[in-house]
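Please look over the sequence and the model before reading on.

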Amino acid sequence: MPEPCRITTLRPADPALDPLIEASVAEGYRFLARMRTGGTGFDAPGAVLLAAWSGAALVGCGGLSVDPYLEDARVGRMRHVYVLTEHRRAGIGTALAKALLRRARGRFDVLRLRAADARAASFWEGHGFAARAEEGATHRRVG
């Protein structure tokens, strides 16, 4: 079965992200907009921002970095994962999650994230993350 999208790396300042940022803000999610204004840590070792493309259109993104809430370089954070509404339920989020998990393998012992809502929590739980109320995170995955 063909991949639902093509995954590449991207810089947070890339203008190709503008439509995703606008769509996420319109949906009430500000995490992509904040990515542009704060230090994201995507330049650190083991960190990456991935882009999901459907043809020539950027339809999703997701990042991985050292978790800034902990002082442990072996704890990673899945961040800024977003897929345009009209492209959801087509395997794009799963393709991003799998690509990020592959990147994390061997680099991080634990991954943490903050799910924005119940739908996101369910998605991440389907990818091996367990709900855990911790400082700065709602979910964790070991290994």
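In this predicted model, tyrosine 82 has a relative accessibility of 4% and therefore counts as buried, since the cut-off for burial is under 20%. Phenylalanine 31, at 18% relative accessibility, also counts as buried.

**Aromatic pairs**

The structure contains five aromatic pairs. One of them is formed by phenylalanine 31 and tyrosine 82: the ring centres are 6.5 Å apart and the planes stand at 65 degrees, so the pair is edge-to-face. Because phenylalanine 31 belongs to helix H2 and tyrosine 82 to strand E4, this pair ties together parts that are 51 residues apart in sequence. Tyr29 joins Phe31 and Tyr82 in a cluster linked by ring pairs.

Another edge-to-face pair consists of tryptophan 124 and phenylalanine 129. Tryptophan 124 counts as buried because its relative accessibility is 7%, and phenylalanine 129 counts as buried because its value is 4%. The geometry of the two pairs is set out below.

| Aromatic pair | Centre to centre | Angle between planes | Class |
|---|---|---|---|
| Phenylalanine 31 and tyrosine 82 | 6.5 Å | 65 degrees | edge-to-face |
| Tryptophan 124 and phenylalanine 129 | 5.4 Å | 75 degrees | edge-to-face |

Which residues of helix H1 are buried? In this helix, which comprises residues 18-26, they are Leu20, Ile21 and Ser24. These three cover an arc of only 100 degrees around the axis, and therefore lie on the same side of H1.

After H1 comes glycine 28, which has a positive phi, near 95 degrees.

**Strands E4 and E5**

Strand E4 is also joined to strand E5 by three bridges, and the two strands run parallel. Glycine 76 has leucine 111 as its bridge partner in E5.

Are the faces of strand E5 covered or uncovered? Both faces of this strand, residues 110-113, are covered. Val110 and Arg112 are buried on one side, while Leu111 and Leu113 are buried on the other.

**The protein as a whole**

The details above belong to a protein with four helices and seven strands. Along the sequence, these elements follow the pattern β-α-α-β-β-β-α-β-α-β-β. The radius of gyration is 14 Å, close to the 15 Å that the globule rule gives for 143 residues, so the protein is as compact as a globular protein of that length. The C-alpha trace spans about 40 × 35 × 30 Å along its principal axes.

Of the 143 residues, 43% are buried. Among contacts with a separation of 6 or more, 60% are between residues 24 or more positions apart. The accessible surface amounts to about 7600 Å², and carbon and sulfur atoms account for 52% of that surface.

Key:
Residues numbered from 1 in each chain as written. Predicted model: local features only at pLDDT ≥ 70, side-chain atom pairs only at ≥ 80, totals over all residues. Heavy atoms only, no water. Buried < 20%, exposed > 50% of the residue type's maximum accessible area, 1.4 Å probe, protein only. Arc of directions from axis to C-beta. Phe/Tyr/Trp six-rings, centres within 6.5 Å; stacked < 30°, edge-to-face > 60°. Rg over C-alpha atoms; globule rule 2.2 N^0.38 Å. Contact = heavy atoms within 4.5 Å. Areas by Shrake-Rupley, 256 points an atom, 1.4 Å probe, with all protein chains shown as cover. Pairing = 2+ DSSP bridges.
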